[in-house]
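Subject: Structure handover

Hello,

Here is the structure I promised you. Please open it first, then read my notes beside it.

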Amino acid sequence: MKCLTVRMDVVKTDDECLHWLLWHGADISQVTARGWTAAHISAIRGQDACMQALIINGANLAAQDDRGCTPLHLAATHGHSFTLQIMLRSGVDPSVTDKREWKPVHYAAFHGRLGCLQLLVKWGCSVEDVDYNGNLPVHLAAMEGHLHCFKFLLSRMSSASQGLKAFNDNGENVLDLAQRFFKQNILQFIRGSEYEGNDPTDQETLAFPGHVAAFKGDLEMLKKLIEDGVININERDNNGSTLMHKAAGQGHIECLQWLIKMGADNNITNKAREKPSDVAKRFAHLAAVKLLEGLQKYDIDDANEINENDIRFFIRHGVEGSTDAKDDLGLSESDKTDARGLSKSCRASWSMNDYAERS
């Protein structure tokens, strides 16, 4: 009975009730018919405070449900980056696989949870592990049409070109999967756009020296090329990228500041329809995002330094550390404090049904 009460408490997000139950020795190791512990449900709901309390009281974060999923898998599935980070900081192993040999990165890729992907990679998770069908996370992002996740995963692979060519056990690469599942955004990107994460080629070095300088953060060379009239400040390469795209993709703030001062246009889009700020977001260069999207847009004081522990900054920008559950972002401050829940009853039902349907 104690176990049931604990699980219902997690769903209701009543922190005081949960602490009271834990104080009186409620059993948090019991499971539902699906094999969910209280920690699993807390991960599904994104209940940060409840998860913290469960961890302090010895919750087993390595517990697997009937599909082999740990709470880490479920937090990645539902896009709860804050809850995911709490578990990662507790020392849980993020490389555990479920029965399909999916790791949390596979779930984040399949469900389009960019913030969770960025966080998992930051904590050292590999994006080059395959599941039991030979699918890389990038394959899963391609078949579901999650373009931002797809591009981010390519950027973190040892070779983007190999990532595009890699075949799963069915002999399909990302292009084949995008075609089979009619993901036009992925097809368009693969066929006609640049991949920003690769090192410039020798041919590009000769044709676009300014882009190479911006990519490497070589401000002195960039100044010389522009001031001597060798290149135009808004020059675009064969893929439509400007100097600002290159600098933004690598987070070179000094180059970006100088380009802005010199009047470079930060609203130009490349063939992937990305502005420089979009490229900065994709690679989680927070200072570059702040600079390019404008300080006043978010009412941030010029004198304030970027604080990567400031939850408000992540929510504003939709980058690393933010919750991926977009419907959570329009809630009142009290609801966000209350573990960012929706209606306490209907959201619990939705979360569990969503997991059942999509997992």
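Arginine 100 lies over the face of tryptophan 102, at 3.9 Å from the ring centre. A charge counts as over a ring if NZ of Lys or CZ of Arg is within 6 Å of the ring centre and within 35 degrees of the ring normal.

Before you go on, note that this is a predicted model: local features need pLDDT of at least 70, side-chain atom pairs count only at pLDDT 80 or more, and totals for chains, interfaces and linings use all residues. Residues are numbered from 1 along each chain as its sequence is written, and side-chain values use heavy atoms, with hydrogens and water left out.

Back to the rings. The structure holds two aromatic pairs. Rings of Phe, Tyr and Trp (its six-membered ring) pair if their centres lie within 6.5 Å; planes under 30 degrees apart are stacked, over 60 edge-to-face, and the rest tilted. Tryptophan 102 and tyrosine 107 are edge-to-face, with 5.0 Å centre to centre and 75° between the planes. Tryptophan 102 and phenylalanine 110 have ring centres 5.4 Å apart and planes at 55°, so this pair is tilted. Ring pairs link Trp102, Tyr107 and Phe110 into a cluster.

Tryptophan 102 is buried at 5%. Tyrosine 107 is buried too, at 1%. Phenylalanine 110 is also buried.

**The whole chain**

How many helices and strands are there? The chain has 23 helices and zero strands. Both are DSSP runs, numbered from the N terminus: helices are H or I with at least four residues, strands are E with at least two. Of the 359 residues, 53% are buried. Contact means heavy atoms within 4.5 Å. Among contacts between residues at least 6 apart in sequence, 66% join residues at least 24 apart.

**Repeats and helix 3**

Residues 34-66 are 52% helix and 0% strand, and their end C-alpha atoms are 6 Å apart. Residues 133-156 are 71% helix and 0% strand, with end C-alpha atoms 21 Å apart.

Look at helix 3, residues 38-45. Eight of its eight residues are buried. Among them are His40, Ile44 and Arg45. Just after helix 3, glycine 46 takes a positive phi of about 70°.

**Cysteines**

The structure holds zero disulfides (a disulfide is a pair of cysteine sulfur atoms within 2.5 Å). For cysteine 116, the nearest cysteine sulfur is that of cysteine 149, 9.1 Å away. Cysteine 116 is buried, with a relative accessible area of 0%. Cysteine 125 is buried at 12%.

**Lysine 275**

Where is lysine 275? Lysine 275 is in the loop between helix 18 (253-261) and helix 19 (276-282). At a relative accessible area of 32%, lysine 275 is partly exposed. Not counting residues up to four places away in sequence, lysine 275 touches His245, Asn266, Asn267, Ile268 and Thr269. Threonine 242 is 33 residues from lysine 275 in sequence, and the two are 9.3 Å apart in space, C-alpha to C-alpha.

Best wishes

Conventions: Buried means under 20% relative accessible area, exposed over 50%, partly exposed in between (1.4 Å probe, protein chains only).
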